[in-house]
Amino acid sequence: MREGTVLVTGGAGYIGSHAVLALLDAGWQVVVVDNLVTGFDWAVDPRAKLVVANIADDDKVRAAIREHGVIAIMHFAGSVVVPESVSDPLKYYRNNTAASRSLIESAVAEGVKHFIFSSTAATYGIPEVVPVREDSPKQPINPYGMSKLMTEIMLKDVAAAHPINYAALRYFNVAGADPQGRSGQSTAGATHLIKIAAEAATGKRGHVSVFGTDFDTPDGTGVRDYIHVSDLAAAHVDALDLLIARPSENHTMNAGYGRGFSVLQVLDAVDRVTNLTIERKLEGRRAGDPDALVADNSAILAALPWRPKHDDLEGIVKDALAWERKLAERQG
Ligand code: UFG
């Protein structure tokens, strides 16, 4: 058992629930704060304590910090649908930027020492150079990316003024599910490619649309850096150890594998894993999709002992499919 408790916001959601598992497996005590708007109480491991509350509810958050002796916050809660952020930007500036401001204020007021933030490659916008480095220009092309970048900026200023340090992890394309089948991506209305392909493979949808075939990539379809959610969760646990060991340092790091796969390569992997042929419908580009988005991950590899354990596209697809089947049973 480690000393102290980690508060995980959004711990009932996709990535947060995997971080909860990784923390518990590493011996941490965990308290989850989640309003269950998109998360599920059953997704929270019973070893963790669940507080159903909005992260901007200062009284409840501060009480949870005090009651559980919280030494660090991992902050996953927020809204994550890019097109929705374009049609309803104020929702994103409320749920991501303003709510994070409240949470950070609670952390500072209660003397929480470490803060780990779930940021995104969307902070780069359309990168000029790929693989993209952390010091590349930050030019988000949608309010989602901007709402996360604004939180990074707040953290930088707050860490300079108060005794708290932080790590911001910029996620690339998160996919897959806990290899032990304890959690996975459960939110309905998914837009992410591997989740959609898993739904198609399990009969929940008839085909997969391929958005754009004229990108500047080897086969013309979009290239992304798919990272297994359990590897991503493990990176958070290592980042916490780093923040504790080096209280004067802050770290902003890409979280990706540094290699990309095209949409067609992903769908071919799904076919190989399932022995099916998923129907592909070739369609036009989605607004704002870059040709390729791949992490330069040298910073995270240098800063953390973390090394990917699930860097295998077929393995990611297998875990996503296993979870999709479990979800289908749960939903009858
Ligand atoms: N795609 C399809 N068909 C689909 C869904 C996606 O062809 O049905 C393609 C997209 O065009 C893209 C690739 O598959 O080329 C991956 O798309 P996703 O929607 O799975 O992921 P994105 O790369 O668009 O989004 C990810 C994160 C976002 C983040 C964004 C930019 O999920 O949170 O990267 O960093 F904002």
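**Rings, charges and a helix crossing**

Let's start with a charge on a ring. The charged end of Arg330 sits over the ring of Trp42, 3.8 Å from the ring centre. Keep in mind that this is a predicted model.

Now the aromatic pairs. How many does a search of the whole structure find? It finds 3. Take Tyr92 and Tyr144. Their ring centres are 6.4 Å apart and their planes stand at 80°, so this pair is edge-to-face, the cut-off being over 60 degrees. The pair links distant parts of the chain, 52 residues apart. Tyr92 is in helix α4, residues 89-109, and Tyr144 is in helix α5, residues 143-161.

Are these two tyrosines buried or exposed? Tyr92 is buried, at 0% relative accessible area. Tyr144 has 11% relative accessibility, so it counts as buried as well, the limit being under 20%.

Last topic, helix packing. Two packed helices are described by the angle between their axes and the distance between the axes. For helix α8, residues 263-274, and helix α10, residues 313-330, the axes come within 9 Å and cross at roughly 65°. The crossing is right-handed.

Who makes the contact? From α8, the residues include Val266, Ala269, Val270 and Val273. From α10, they include Leu313, Val317, Leu321 and Arg325. By class, the contact residues of α8 and α10 divide into 7 nonpolar, 2 polar and 4 charged.

Key. Residues are numbered from 1 along each chain as its sequence is written. This is a predicted model: local features need pLDDT of at least 70, side-chain atom pairs count only at pLDDT 80 or more; totals for chains, interfaces and linings use all residues. Side-chain values use heavy atoms; hydrogens and water are left out. Rings of Phe, Tyr and Trp (its six-membered ring) pair if their centres lie within 6.5 Å; planes under 30 degrees apart count as stacked, over 60 as edge-to-face and the rest as tilted. Helices (H or I, at least four residues) and strands (E, at least two) are DSSP runs, numbered from the N terminus. Buried means under 20% relative accessible area, exposed over 50%, partly exposed in between (1.4 Å probe, protein chains only). A charge sits over a ring if NZ of Lys or CZ of Arg is within 6 Å of the ring centre and within 35 degrees of the ring normal. Axes are lines fitted to C-alpha atoms, for helices over the stretch in contact, and angles run from 0 to 180 degrees between N-to-C directions. A crossing is left-handed if the near helix is turned anticlockwise from the far one by less than a right angle, and right-handed if clockwise. Contact means heavy atoms within 4.5 Å. Ala, Val, Leu, Ile, Met, Phe, Trp, Tyr, Cys and Pro count as nonpolar, Asp, Glu, Lys and Arg as charged, and the others, Gly among them, as polar.
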